[in-house]
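This report describes a protein chain from the whole fold down to single residues. Please keep the sequence and the model at hand while reading.

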Amino acid sequence: MNYLRKTLYIVVVALISPLCMSAQTLPFQQKTLSPRERVNDLVGRMTLNEKIYMLQSDFFYRGCERLGIPCLETADGPLGVASWGLKGRATAFPSQLSLAASWNRDLAYRIGAIYAKEWKARGIQVFYGPGVNIYRSSKDSRNFEYMGEDPYLASEMAVPFIQGIQQNGILATVKHFVANDQEFDRYHVSSEVSERALQEIYYPPFKAAIQRAGVGAIMMGYNLVNGVYCAQNKQLMSDVLRRKWGFQGTIMSDWGATHSTLESVRAGLDMELGTFDYLNQRQLLPLIKFGAIKTSEIDSMVTHILLPCFRLGLFDKPVSRDLSVPTYNEEANQAAYEEACEGIILLKNNEGILPLKSPSSIAVIGPNANPNVVSDNCYDVKGCSYGGGGSSKVNPWYVVTDLEGIKKAFPQAQVSYHEGVSNAYKRRLFSNSVFTTSQGKRGLQACYVSLVDSGKVSTGTRSINQIDKQIDFRWEEGASAVRSLGAAYQVEWKGVIASERNDSILIFVDAQGGYRLDVDGSTVIDKRHSQTFANQWVKIPSRKGRKHTVCLTYWNRNCHPAEIRMGWDYAHAVDYSEALDLARKADCVVFCGGLDASLEFEGTDRSFELPYGQDALIQALIKANPRTIVAMHGGGAMDMSAWIDKVPALLHMLYPGQEGGTALGQILSGKVNPSAKLPFTMERKWEDSPACGNYDETRMLRKVFYREGIYVGYRGYERKGIKPLFAFGHGLSYTTFAYDNLSLVVTDKKKGMVKVAFDITNTGRQDGAEVVQLYVHDPVAMVDRPYKELKNFAKVFLKAGETRHVEMLLRDDAFKYYHPKRHAWVLEHGKFDILVGASSADVRLRGSIKL
Ligand code: BGC
């Protein structure tokens with residue numbers, strides 16, 4: 001009986017189980033089906049409203065509750081879990097530019113994998129990063145979020161980084177496509193750029209992210225490209241991303257950068273980020289009803305959003321936090337430390353002053369050495385030195401400051417500290433107006449007037465006359481203070497300042513936009529045509545009782561944010577005496593300065609000059625103690641011309657993350673041998689930059705002309721014949737390397753395959769790593785080509801005295817250029833020179849091949 005019952009049970013179960021399966025497990029839930037089949041099934045089950053609901057996102061991808069599709073949480077990178085402080089504390093990794101400075105592909109993968117853990121520990125599934133825009137100009141204040149000036153380097157570092165993230169189950173979003181290379185007026189500026197420059201310089205990292213790393217999503221830039229907003233640019237989205245590169249994932253706008261419904265959908269946008277104005281039911285349903293948009297187009301958009309999620313299995317496990325990964329993670333702290341060690345670049349080291357040999361005392365001076373970061377909402381804290389500001393800013397668990405790192409590395413030394421000059425110095429000045437109007441009232445007489453198209457003052461009635469107590473303004477688009485003036489306006493402030501001391505007067509202006517400063521009837525600063533952010537100051541000789549008339553005029557032509565500030569002080573008020581006293585008494589000085597999150601953040605450009613006072617302080621320190629080592633923080637090149645030839649050693653810290661101080665200490669003491677190399681060129685003066693004149697002097701046309709074309713970075717300096725301060729790829733080590741025995745073999749002439757081999761020896765007494773760089777030069781071509789272009793590199797770790805045989809491959813794309821008329825990549829057969837070196841300016845081996 002028992003046996004019979006059991007048999008009957010088995011037969012019944014066997015018969016009904018497929019029915020139960022299909023009732024419980026719908027095709028889109030079955031892992032055995034392909035992601036495409038699953039998405040097709042899911043989309044087929046969704047109502048039109050459910051689909052439309054998915055087309056908008058902020059820090060969540062929206063789900064479909066009825067069908068059990070959860071929402072996915074997203075977080076900004078690219079320096080760790082960010083998102084404007086909303087996601088709590090997290091590991092603050094070095095900047096993306098630091099990762100590029102490591103030139104270490106394996107490290108990029110490892111860091112990507114640890115990022116994935118950081119995301120999982122918080123139950124976040126989508127990463128808004130990495131950024132791979134090209135470092136075109138040092139003034140772009142988002143350069144620290146990107147991977148440098150060279151398209152090959154940026155591609156090679158982005159690919160393993162994205163793989164590290166996605167292979168560990170987090171969806172990456174490469175951003176901001178494309179030519180979003182300045183922050184000034186970023187919402188409205190049009191990048192006027194040639195097809196060849198796009199193909200050779202600006203597209204490659206995005207293309208590599210799509211085709212080699214299989215990135216799941218792409219974020220479009222805020223800007224316009226050749227007159228069309230990126231997020232409704234058919235050529236970029238439909239032709240390039242979808243048709244030419246075969247991208248199947250999500251195309252989203254940047255935050256608030258969707259500008260239309262029909263145009264955006266037709267151009268190929270899938271997701272509106274940050275706003276809920278265009279890809280919603282109210283806008284879409286009527287367009288669908290009247291046939292302007294087909295439901296199949298909505299299906300494709302939803303498919304593009306869901307496909308990468310299914311590919312990464314995001315819906316195949318609960319979307320909750322992975323409790324096996326701690327949010328405060330020692331492994332991540334260690335990774336941040338290792339990344340910092342490989343990202344700090346030793347640029348200058350005269351007579352081997354570094355590593356420091358058992359100093360008995362060190363004076364640590366400078367605003368970035370000991371910033372105030374202890375706060376619950378670090379986003380708002382000025383002076384953090386672990387990162388630039390904006391959406392990438394992480395709220396860290398802790399930060400090892402440079403001061404702490406130096407103390408830890410030199411336990412025997414007496415370490416003293418002084419800030420020297422504050423990076424907040426100029427802001428304090430602005431809040432203290434001592435001006436009077438010509439009628440003797442406190443403040444400045446202000447006259448705001450509208451401008452007509454020609455730039456002339458309008459004769460109409462729209463003007464405002466008032467007394468402003470101080471000049472400290474930032475007007476966002478539509479700000480009530482200036483709304484009545486229309487899109488273009490001029491403001492003139494006039495006042496009198498009376499000197500109470502026998503001292504010169506310093507006047508500071510920092511502004512985004514054009515301005516002119518007249519003192520006592522003479523123009524002392526003329527930045528009428530500037531469209532970028534500039535910090536300027538002048539010294540006005542004065543004495544007690546003297547009065548000076550000051551007139552500041554500002555022009556804005558619908559550029560946002562409009563910003564202008566003015567401050568003043570007596571020249572002798574800047575007091576370096578305590579810092580200099582410490583410097584004199586110490587064996588050596590480490591000056592830690594540069595920029596920080598309050599000076600470099602998205603939405604505005606930054607100045608090429610250092611913050612006020614740093615130049616003068618460094619020069620005074622060198623006089624007080626010639627053993628002054630400079631460690632600069634910041635997202636790229638800055639003006640060092642006043643002192644660079646006088647300091648014995650310089651390190652560029654970039655933004656080294658929470659463990660930057662530890663890494664600096666270990667490098668100064670020699671326990672870590674520096675191995676980073678510049679991922680950008682450092683110009684001696686701004687005028688040397690290939691972007692100068694093509695960047696911020698565009699006379700308010702809301703266009704930025706990429707006149708330098710493909711000659712970006714080292715390509716541009718070499719063409720102009722200008723020797724930069726430090727070349728692309730430059731970086732020193734405490735050991736030395738010899739290159740030898742170059743051999744070049746064409747392994748496949750038709751396919752343009754070349755094997756490059758050589759020996760590299762660590763000829764010094766310390767273990768170290770060398771980044772060997774391979775450049776290609778095409779001596780004869782139908783079109784103008786750069787003198788050399790990076791086409792491969794390797795980071796080789798060598799014990800002292802060790803020799804390694806290095807082999808690198810070049811494929812045909814290393815020799816091709818983009819033909820502007822044929823609209824195609826072309827390989828012109830003939831002779832090519834192969835240059836192997838330690839930087840773009842330090843070629844050690846050269847040979848030629850024929851293809
Ligand atoms: C930035 C993006 C960021 C987004 C969300 C935008 O302002 O440009 O990079 O992902 O905000 O925070």
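A residue is called buried when its relative accessible area is under 20%, exposed when that area is over 50%, and partly exposed in between, with a 1.4 Å probe and protein chains only. By that definition Leu845, with a relative accessible area of 11%, is buried.

## Basis of the description

The model is predicted, so local features need pLDDT of at least 70 and side-chain atom pairs count only at pLDDT 80 or more, while totals for chains, interfaces and linings use all residues. Residues are numbered from 1 along each chain as its sequence is written, and side-chain values use heavy atoms, with hydrogens and water left out.

## Overall fold

The secondary structure of the chain comes to 20 helices and 39 strands, where helices (H or I, at least four residues) and strands (E, at least two) are DSSP runs numbered from the N terminus. The radius of gyration of the chain is 29 Å, close to the 29 Å that the globule rule gives for 851 residues, so the chain is as compact as a globular protein of that length; this radius is taken over C-alpha atoms, and the globule rule is 2.2 Å times the number of residues to the power 0.38. Along its principal axes, the C-alpha trace spans about 115 × 75 × 65 Å.

Of the 851 residues in the chain, 62% are buried. With contact meaning heavy atoms within 4.5 Å, residues 24 or more positions apart account for 76% of the contacts that have a separation of 6 or more. The chain exposes about 32,400 Å², of which carbon and sulfur atoms supply 51%; accessible areas come from the Shrake-Rupley method with a 1.4 Å probe, and for residues only the protein chains shown count as cover.

## Domains

The chain is divided into domain 1 (333-425 + 574-676), domain 2 (433-570) and domain 3 (737-850), with bounds that come from an automatic or database domain assignment. The C-alpha centres of domain 2 and domain 3 lie 53 Å apart.

Among the buried residues are Gly660, Thr662, Ala663 and Gln666, and what covers the buried residues of helix 19 includes helix 13 (330-343), helix 14 (402-409), strand 27 (588-594), strand 28 (628-633) and strand 29 (649-654). Helix 19 is followed by Gly670, whose phi is positive, near 90°.

Tyr337 is found in helix 13 and counts as buried at 18% relative accessibility. Leaving aside neighbours within four places in sequence, Tyr337 is in contact with Glu659, Thr662, Ala663, Gln666 and Val672. Tyr337 and Tyr717, in contrast, are 380 residues apart in sequence and 34 Å apart in space, C-alpha to C-alpha.

Ile464 has its place in strand 18 (residues 463-468). Not counting residues up to four places away in sequence, Ile464 touches Ala446, Cys447, Tyr448, Ala481, Ser484 and Leu485. Ile464 and Val449 are 15 residues apart in sequence and 6.5 Å apart in space, C-alpha to C-alpha.

Leu845 lies in strand 39 (residues 842-850). Apart from neighbours within four places in sequence, Leu845 is in contact with Tyr739, Asp740, Leu742, Phe758, Ile834, Leu835 and Val836. The C-alpha atoms of Leu845 and Met46, which are 799 residues apart along the chain, are separated by 62 Å.

## Backbone features to inspect

Most residues other than glycine have a negative phi, and most peptide bonds are trans. A cis peptide bond joins Gly77 and Pro78, with omega about -5°, and Pro78 is found in the loop between strand 3 (72-76) and strand 4 (89-90). Another cis peptide bond joins Lys175 and His176, with omega about 0°, and His176 has its place in strand 6 (residues 171-177).

Asp520, which is not a glycine, has a positive phi near 50°; Asp520 is found in the loop between strand 22 (514-519) and strand 23 (522-527) and is partly exposed, with a relative accessible area of 34%. Leu654 likewise has a positive phi of about 50° although it is not a glycine, but Leu654 has its place in strand 29 and is buried, with a relative accessible area of 0%.
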